[in-house]
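Biologist: I would like to learn how to read a few features of a model. Please take them one at a time.

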Amino acid sequence: MAKSIEETRTPITKQLMAGRGQGKRVNRASLAWWREARFGMFIHWGLFSLPAGRWKGHEVPGIGEWIMHRERIPVRDYEKLARRFVPSRFDAESWVLLAKEAGMRYLVITAKHHEGFAMFKSSVDAFNIVDATPWKRDPMAELAAACQRHGIRLCFYYSQDQDWHDPNGAWNDWDFDESRKDFAEYLHRKVEPQLRELLTQYGPIGLIWFDTPYTMTKEHSAELRRLVRRIQPDCLVSGRIGHDLGDYGSLGDNQIPVGRIRGEYETPASMNDTWGFKSGDHHWKSVPTLLRLLVDLASKGINYLLNVGPTAKGDIPRPSVERLRALGAWMAANGEAIYGSSASPFPYELPWGRITQKPGRLYLHFFDWPRGEVRIHGLRNRVRAAYLLRDRGHRITVVQRHDDALDLSVLTLSGFGSRPDRYVSVVVLEIAGAARVDPMPVQQPDGTVSLPAFMATMRGPTTKGFTISAAGFTDEWKSTAMGLRWTAKVLEPGSFAVSVLSSGDAEYRVEGKKDPHRLRLSIGGPASVTLRFPLLMHDRLENPRSRYFPEIVTHAGAALLPRPGTYTFKLNAETISGRVPEGIGISSVLLTPVSAKGRSVSRHSS
Ligand code: JFZ
């Protein structure tokens, strides 16, 4: 019954369900601070920090805080860790100051993770940091005081469903008999009283980050929501409370949707490959990767909850500190473009970087600083002024024209000079009125035409659950009656290589080879072309969004689009493979102009 974390990682569309948020009674007014913040610190700290990924002399694979589950460590043995847990170097002040220096506005710390150990003083259960360790301090009280001093919102992660220490908690099947568990008993005896402690002992709490609601009934989730609401009406609850009862949704680790998404989301992100400290994990993401993730997420209206895993002594690892300081230096100069910003008015990604906005202003975040000019297609507002965010005196030259045949606005920017920031440099556009953008996909100045699934019109029986997931993939596409349809503007005609991007579920990579889905792309308009192709894996994109969610590239063939104009693209299934039960999970169709180099798939990488 218990699943490994690897299983919880796939398939992509299913795992998102764990984080889906937004019930009908969302705490809208209380979301205001969270939307303004955009950037928070996640802290995974617990008894698991002590073995740090090693058990009985060997390195344990997987994420560090799962060591007890992974090794099936008996409760009696695991409990002994508490006697050695003495974080003598813990300093709440320095953690909170680091978050502040990084430009983070809230902090979410594991008050109780799946191991069941309360990292706070609890009179409900003796398995807590004050009663079970020689250290005897309550770090949550110290963090609460430091957060108050420095204007950081304190929030708690609380594993309400999995509790491997409790006979009636979920997912410990090595000590306890799953068939005899009384989950409600655990909920009422431990979870609810501990939540009451967390909501009464530490002042105002920004949110409770519930997680992995795999065995809870809707009534259980509703009960927890009511409890939080009753004690602290302004405290938010994460989407992983289950059953769509959260105030916002959570995506997967480092996961970035392909475009703008509806609703409120947050992406929790690890800096290496673990949440809880692992002494052997040195696979750190680079500063530009982390920074571009922050910007990419903000451009889609998503919060970034970046994790640190302190050691059992209480130190935040050096590589994390260095990275946070670098992000903080960028935020100090460019924070205006992040805090309180909203998603880009463009629903899709632009080739050179990302956009955020505030009323009357667009912030262009360049990942690649332009040498010559940059063209932007489809912005309908008049641009009043353009300048560097870091230097308002440095004006950018603006030319705007309208292509009447295609009904397309073309904005050309030039005079960029030298790059103001190393990894991401921001240009401000002051625009007249609320931002307005062509709703239709349009060929980009680099010649590519990208048709994201989330911009398609969905055809067929949508009642059967056919939908686009929050991350931007088709879900429940299991019938040949279902399909996608786009219209797109093409300015520079020619030959194109056509490819399809789909989600890299492990099952698909193995099983899909033998009996792939078969698709048909029909192009209409100034030309009529039909491509029929199997959804095979020809390439795997080193996913610029996240190392954890690979995307599969299928080469579908070539198409000649002979004239400028508006084309239609219809994607249908000719056969659905019985070997891939999750159906067709595509994120986009991509047309790349064929250069002398032949076909190529490129996507902006960070
Ligand atoms: C969960 C925990 O199991 C893990 O230990 C860590 O705390 C992480 C932040 O959250 O892991 C998940 C749960 C759900 C998804 C991904 C990781 N998901 O839905 O993509």
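**Domain contacts, a loop residue and cysteines**

Modeller: Start with a charged pair: Glu492 and Arg375 form a salt bridge, with their closest N and O atoms 3.9 Å apart. Bear in mind that this is a predicted model.

Biologist: Which domains does the assignment give?

Modeller: The domain assignment of the protein lists domain 1 (5-337), domain 2 (353-431) and domain 3 (449-593). The centres of domain 2 and domain 3, taken over C-alpha atoms, are 31 Å apart.

Biologist: How do I read the interface, and what area do domain 2 and domain 3 bury between them?

Modeller: The size of an interface is often given as the accessible area lost when the parts come together. Here domain 2 and domain 3 bury about 460 Å² between them, and 61% of that is on carbon and sulfur atoms. On the residue level, five residues of domain 2 are in contact with six residues of domain 3.

Biologist: How many salt bridges and how many residue pairs in polar contact are counted between domain 2 and domain 3?

Modeller: The count for domain 2 and domain 3 is one salt bridge. Two residue pairs are in polar contact between these domains, both at pLDDT 80 or more.

Biologist: Now a single residue. Where does Asn168 lie, and is Asn168 buried or exposed?

Modeller: Asn168 lies in the loop between strand E5 (153-158) and helix H9 (183-200). Its relative accessibility is 14%, so Asn168 counts as buried, the cut-off being under 20%.

Biologist: Which residues does Asn168 touch, and which side chain is joined to that of Asn168 by a polar contact?

Modeller: Leaving aside residues up to four places away in sequence, Asn168 touches Arg180, Lys181, Asp182, Phe183, Glu185, Tyr186 and Arg189. With Glu185, a polar contact of 2.8 Å joins the two side chains.

Biologist: Last, the cysteines. How many disulfides are there?

Modeller: A disulfide is a covalent bond between the sulfur atoms of two cysteines. The test applied is a pair of cysteine sulfur atoms within 2.5 Å, and by this rule the count is zero.

Biologist: Are Cys147 and Cys235 buried or exposed?

Modeller: Cys147 is buried, at a relative accessible area of 2%. Cys235 has 0% relative accessibility and therefore counts as buried.

Terms used:
Residues are numbered from 1 along each chain as its sequence is written. This is a predicted model: local features need pLDDT of at least 70, side-chain atom pairs count only at pLDDT 80 or more; totals for chains, interfaces and linings use all residues. Side-chain values use heavy atoms; hydrogens and water are left out. Buried means under 20% relative accessible area, exposed over 50%, partly exposed in between (1.4 Å probe, protein chains only). Helices (H or I, at least four residues) and strands (E, at least two) are DSSP runs, numbered from the N terminus. A polar contact is a pair of N or O atoms within 3.5 Å; within protein, one must be able to donate a hydrogen and the other to accept it, and residues adjacent in sequence count only if both atoms are side-chain atoms. Contact means heavy atoms within 4.5 Å. Domain bounds come from an automatic or database domain assignment. Buried area is the accessible area (1.4 Å probe) that two parts lose on being put together, summed over both. A salt bridge is a side-chain nitrogen of Lys or Arg within 4 Å of a carboxyl oxygen of Asp or Glu.
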